[in-house]
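Please keep the sequence and the model at hand while reading.

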Amino acid sequence: MTVSLNHTIIASKDREESARFFRELLELPAAPSWGPFTNIQLDDGTLLQFAEPPVEIQMQHYAFLIDDELFDRAYERLRAGGVTHWADPQMRRPGEINDEHGGRGVYFKDPAGHAIELITRPYL
């Protein structure tokens, strides 16, 4: 059996808002949800479960590998929505994208304050 990520829980201030943000940005359909989770499912089957923990949310980093066409559409949605974004994780190049690793990438924060990265080529 190969190893793959099946699901992860993403802490959210508003689980519905966070799930909607990712569904719209990454053009994903709604997935069945249950209990304290609002779920979305990536094309590879990985389940993202958004929940509202009763603690202060610590920033996490999530990177999504997407194709060039979806990157163009997602980046336009970020810009049209006024989402602050950077070309680098240190946030020194605002309003830009990068062309590292033979592709393109952009960094921004989701509604819960997590550091999100969209890339068009894997690092390895």
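In this predicted model, the side chains of Arg-93 and Glu-96 make a polar contact at 3.1 Å. Arg-93 belongs to the loop that runs between strand E5 (85-86) and E6.

**Arg-93 and its surroundings**

- Arg-93 has a relative accessible area of 32%, so it counts as partly exposed.
- Residues up to four places away in sequence aside, Arg-93 touches His-85, Trp-86, Ala-87, Asp-88, Asn-98 and Glu-100.
- Between Arg-93 and Tyr-107 the separation is 14 residues in sequence, and their C-alpha atoms are 9.9 Å apart in space.

**Helix H1**

- H1 has 12 residues, which at 1.5 Å a residue should span 16 Å; the C-alpha atoms at its ends are 16 Å apart, so the two values agree.
- After H1 comes Glu-27, which has a positive phi near 55°.
- Ser-18, Ala-19, Phe-21, Phe-22, Arg-23, Leu-25 and Leu-26 are the buried residues of H1.
- These buried residues pack against strand E2 (38-41), E3, E4, H2, E6 and E7.

**The largest nonpolar core**

- The largest nonpolar core consists of 23 residues. Within this core, the residues with the most contacts are Phe-22, Leu-25, Leu-26, Phe-64, Phe-108 and Leu-118.
- Two or more core residues come from each of H1, strand E3 (47-51), strand E4 (61-65), helix H2 (68-80), strand E6 (105-109) and strand E7 (115-119).
- Beyond its neighbours within four places in sequence, Leu-118 has contacts that include Leu-25, Leu-26, Phe-64, Phe-71 and Phe-108. Ile-66, Ala-74, Arg-104, Gly-105 and Val-106 are also among the contacts of Leu-118.

- Ser-12 is found in the loop between strand E1 (7-11) and helix H1 (15-26).
- With a relative accessible area of 2%, Ser-12 falls under the 20% cut-off, and therefore Ser-12 is buried.
- The side chain of Ser-12 forms a polar contact of 3.5 Å with that of Ser-18, which is one of the buried residues of H1.
- Apart from neighbours within four places in sequence, the residues in contact with Ser-12 are Ser-18, Phe-50, Ala-51, Glu-52, Pro-53, Ile-57 and Ala-112.

Note on methods. Residues numbered from 1 in each chain as written. Predicted model: local features only at pLDDT ≥ 70, side-chain atom pairs only at ≥ 80, totals over all residues. Heavy atoms only, no water. Helix = DSSP H or I, 4+ residues; strand = E, 2+ residues; numbered from the N terminus. Buried < 20%, exposed > 50% of the residue type's maximum accessible area, 1.4 Å probe, protein only. Polar contact = N/O pair within 3.5 Å; in protein donor to acceptor, adjacent residues only side chain to side chain. Contact = heavy atoms within 4.5 Å. Core = buried A, V, L, I, M, F, W, Y, C linked by side-chain atoms within 4.5 Å. Expected span 1.5 Å × (residues − 1).
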